[in-house]
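Colleague: Could we go through this model together? I would like to begin with the terms.

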Amino acid sequence: SPSHKSDHFWKDNHKAFEANGCAAIKQLIALLSSDDPQVLAIACNDVSEFIRLHPEGRRLMTQYGAKPLAMQVLKHPDPTVQKYALTCVQRLMVINWEYLNKG
């Protein structure tokens, strides 16, 4: 949906993902196990955006198990899913993302 690609959505709502014991983060990570290619692509995009905008996004996603699931999504046969999974894994793996963007 358009909200998933909106910087305003993520800037306004990324902190809300920590509510209720990080329930939204856990639910988002669970979507990385979906069989639906569209759900996988959106979930990978959302994890990536969360990491990009939340100061502790990478740590939280890693803490709740996103990394191994995202690595599995890289093997998906759909090239669109692979594209979003690659961005997701890159953001999970690179500690100082902003530093790389400046180089």
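Modeller: Buried means under 20% relative accessible area, exposed over 50%, and partly exposed in between, with a 1.4 Å probe and protein chains only. This is a predicted model, in which local features need pLDDT of at least 70 and side-chain atom pairs count only at pLDDT 80 or more, while totals for chains, interfaces and linings use all residues. Residues are numbered from 1 along each chain as its sequence is written, and side-chain values use heavy atoms, leaving out hydrogens and water.

Colleague: Is histidine 76 buried or exposed?

Modeller: Histidine 76 is buried, because its relative accessible area is 16%.

Colleague: Where is histidine 76 placed, and what does histidine 76 touch?

Modeller: Histidine 76 is in the loop between H5 and H6; helices are DSSP runs of H or I with at least four residues, numbered from the N terminus. Not counting residues up to four places away in sequence, histidine 76 touches Pro37, Leu40, Val81 and Gln82, where contact means heavy atoms within 4.5 Å.

Colleague: Which residues of H3 are buried?

Modeller: Among them are Leu40, Cys44, Val47, Phe50 and Ile51.

Colleague: What caps the N-terminal end of H3?

Modeller: Aspartate 36 does, with a side-chain oxygen 2.8 Å from the backbone nitrogen of glutamine 38. A polar contact is a pair of N or O atoms within 3.5 Å; within protein, one must be able to donate a hydrogen and the other to accept it, and residues adjacent in sequence count only if both atoms are side-chain atoms.

Note on methods: Helix = DSSP H or I, 4+ residues; strand = E, 2+ residues; numbered from the N terminus.
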